Amino acid sequence: MTTNLTTSAAPVTTDYRSFFDRSPALLCTAGFDGAFIEVNDALERALGFDVGELLAHSVTELAHPADRAATVQAVADVAGGTDVCFENRCRRRDGSFFWLSWNVRADAEHQLLYCSARDVTERREHADVVDKLLAELERSNTDLAQFAYVASHDLSEPLRMVSSYVQLLAARYSGQLDADADEFIAFAVDGAARMKVLIDDLLAYSRAGGGVALRRRVDCGVLVRGALADLDRVVAESGAQVVVDELPVVDGDPGQLALVFQNLLANALKFVSDDRPVQIRVRAERAGAAWCFSVEDNGIGVPEVHRERIFMMFKRLHGRNEYPGTGIGLALCHKIVDRLGGRIWLEAMPDHGSAFRFTLPDAVFEEGTVPNV
């Protein structure tokens, strides 16, 4: 099929005509009013109109109503001397729409629009699906974080009441009842205490993903010293030797980064080996445009099969009787580091123990700006 619509433009060469008619690309020429002048076979088939029907339409008339203004603007931009690339939905003869990606320019005499298009419907539909899924996931994450915060917050008050009365029972009746009663009361006190720790950890986890992260220059050495001061009693009891190398100043949220260092140091002080003195080292080194931090210990280590699993919520490798905790600390670290644009992982040390490593980008932002996280 060869479509030749009358034109007053310059004569068309045989080579051009052959290329135009046989090209698999969707090609046409149009006037600056958008009216079709020439349409090749590929575009005619894609639109489903025959030649006479296309003469009664223009490029802009076939555009989807929502895309018509952008199409008119594209024609105007070409009329102003600018080559244009844009996408719109075009109407087929059967009334359905499909997405086309256009490249449009004017001829040398500025009399015609040369238009080349390709069908990008599949890509656009996939992109729309992905956008919808991402939007749904974002809403779901927001709802989940809000639920965790509200649930944890609302649980705190009744738990305080239960904990207070159980402690009163323990103080008033300890030793006055039989051994079973004392044991039951001790279980209740311990359960209430563990529930409080769990609720506090859930609150910290939900808050780590909410709002806009505060970004400013943070001295990581100061953060580590503060974390060690909070853990001073545990350090003293374990007799741990903690070595802190010189640490850099980075862009980050000081409150959340402090939680990362505190959780990693607390883990290193918790999972210790009985057959050797506790040794912990905190250091950092350049990794391209980022800093790579390490919290290394000579403790019991983590089997390779579990090194990804430990960053999941509530995943524990040991029972509570062996090592206390809620299984949220490393998940919290993962969430914070990811939100700050880095990544966190675990490596085994050559002799014994573990090395938790995480990266933070070292981008320097203009004073007074807050980058998106």
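Trainee: Which elements each supply at least two residues of the lining of the largest cavity?

Mentor: α4 (68-79) and β5 (113-119) do. Helices (H or I, at least four residues) and strands (E, at least two) are DSSP runs, numbered from the N terminus. This is a predicted model: local features need pLDDT of at least 70, side-chain atom pairs count only at pLDDT 80 or more, and totals for chains, interfaces and linings use all residues. Residues are numbered from 1 along each chain as its sequence is written, and side-chain values use heavy atoms, with hydrogens and water left out.

Trainee: What makes a space a cavity?

Mentor: On a 1 Å grid over the protein atoms alone, a cavity is a set of points where a 1.4 Å probe fits but cannot get out; lining residues have an atom within 4 Å of a point. The structure holds two cavities of 30 Å³ or more.

Trainee: Which residues line the second largest cavity?

Mentor: F36, L47, V59, L62, C90 and W102. Its lining has six nonpolar residues, no polar and no charged. Ala, Val, Leu, Ile, Met, Phe, Trp, Tyr, Cys and Pro count as nonpolar, Asp, Glu, Lys and Arg as charged, and the others, Gly among them, as polar.

Trainee: And the surface: why is Y165 called exposed?

Mentor: Exposed means over 50% relative accessible area (1.4 Å probe, protein chains only). Y165 has 56% relative accessibility, so Y165 counts as exposed. Y165 is found in helix α5 (residues 121-173).

Technical notes: On a 1 Å grid over the protein atoms alone, a cavity is a set of points where a 1.4 Å probe fits but cannot get out, and a pocket is an open set with protein on both sides within 12 Å along at least five of seven lines; lining residues have an atom within 4 Å of a point. Grid points are joined across faces, edges and corners, and a volume is the space filled by probe spheres set on the points. Buried means under 20% relative accessible area, exposed over 50%, partly exposed in between (1.4 Å probe, protein chains only).
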